[in-house]
Amino acid sequence: MKQLDLSAQELIDQLAKYGAPPIETLSVGEARNVPLLDYAARDLVAAHLTARMATVANPMPQQVESVRHRRIPVKDGSILLRIYKPVGPGPHPILVYFHGGGWVIANLDTYDSSARALCNAAECIVISVAYRQAPEHKFPTAIEDAYAATEWAMANADSLNGNAAQVAVGGESAGGNLAAVVCQMARAQGTTQPVHQLLIYPVTDLAFFTPSIHEYAHAKPLNAAMLTWFSSHYLKSAEEAAHGYASPLRATTLANLPPATIITAEHDPLRDDGRLYAEALRDEGVRVTYRNYHGVMHEFFGMIGLLDQSADAVNLAAMELGKSFGRNVPESLMAVDEHFWRA
């Protein structure tokens, strides 16, 4: 097993200093109060423990034009949206974003730095969705909330100074799962599909069968035991894992879905979930950009100012979103290797 990059290891070491019990050994209520990687990142930024902190151009969290909140109705309840707006006159494209946390823990604050970075880099409105979580709200509630939030964004784009014809979806980990499924639901229901799906180390098969699950079974901040713990709270029964809306890789077909950007991390049990979904989309004729980032772990995406790979990944996401938003975007200067391909 390869080593994490020095800066990535520093984050993991900082997380270990809090002495929190493993999430998979806790109740849901306890787990929701355990420090996650974003907490460690904020401590590192505050303490200036990395040499490049003083010179980084866009340290986390980045400033945006404005942040507002809206509550919207959904089936049997309501959910909160956090709306980040970029500088500029608009109308702006929109990215509906779903946070990670295994459908059980984490919240809008945990993924605030990702939302801000994408708002600036992609010059789009980011709508971060506080979908209802398990075990209080089991599958498929989170998916239904994600789909409802996307439909709301399309219907209310004008009131946000947004462009209803340029609405994309995205998310990290469990949120990447939701973004993928929203696209499948829109196709199945014959409604307007998002123009792009940004999937960052997504969960795509709840069978958890891939080589990376075993290779990084004891990785940090995400390990194989946590994945099992999350799915046990999310699903009402093990049989639901076979449903295409729980495991998007198991969909009958992946044809006629929006263009996708899929980003994975080398030291992540979910690395192969993203790779396999990218390959399956490509094989069914969907335009896909895929990149696996070396030396980093799950949750690296939002670590702007701490990890060089984070800024690169955000720029890649913004570039690919820009193409689907109809912009003339220059090609990236990234080297094309076996860990980066477009189809």
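The model is predicted: local features need pLDDT of at least 70, side-chain atom pairs count only at pLDDT 80 or more, and totals for chains, interfaces and linings use all residues. Residues are numbered from 1 along each chain as its sequence is written, and side-chain values use heavy atoms, with hydrogens and water left out.

Start with the strands. Helices (H or I, at least four residues) and strands (E, at least two) are DSSP runs, numbered from the N terminus. Two strands pair if DSSP finds at least two bridges between them. Strand 1 (residues 66-74) runs antiparallel to strand 2 (residues 77-85), with 9 bridges. Val 74 faces Gly 77 of strand 2. The hairpin has 2 residues between these strands, and Asp 76 adopts a positive phi near 65°. Strand 2 also pairs with strand 4 (residues 125-130), again antiparallel, over 5 bridges. Here Tyr 84 stands opposite Val 126.

Next, Thr 210. This residue sits in the loop between strand 6 (197-200) and helix 7 (211-215). Thr 210 is buried, at 0% relative accessible area (buried means under 20%, exposed over 50%, partly exposed in between, with a 1.4 Å probe and protein chains only). Beyond its neighbours within four places in sequence, Thr 210 contacts Pro 269, Asp 272, Asp 273 and Leu 276 (contact means heavy atoms within 4.5 Å).

Last, the lining of the largest pocket. A pocket is an open set of points on a 1 Å grid over the protein atoms alone, where a 1.4 Å probe fits, with protein on both sides within 12 Å along at least five of seven lines; lining residues have an atom within 4 Å of a point. The largest pocket has 33 lining residues, and Leu 15, Ile 23, Leu 36, Pro 221 and Met 226 lie nearest its centre. Helix 1 (6-16) and helix 8 (224-234) are the elements that each give two or more residues to this lining.
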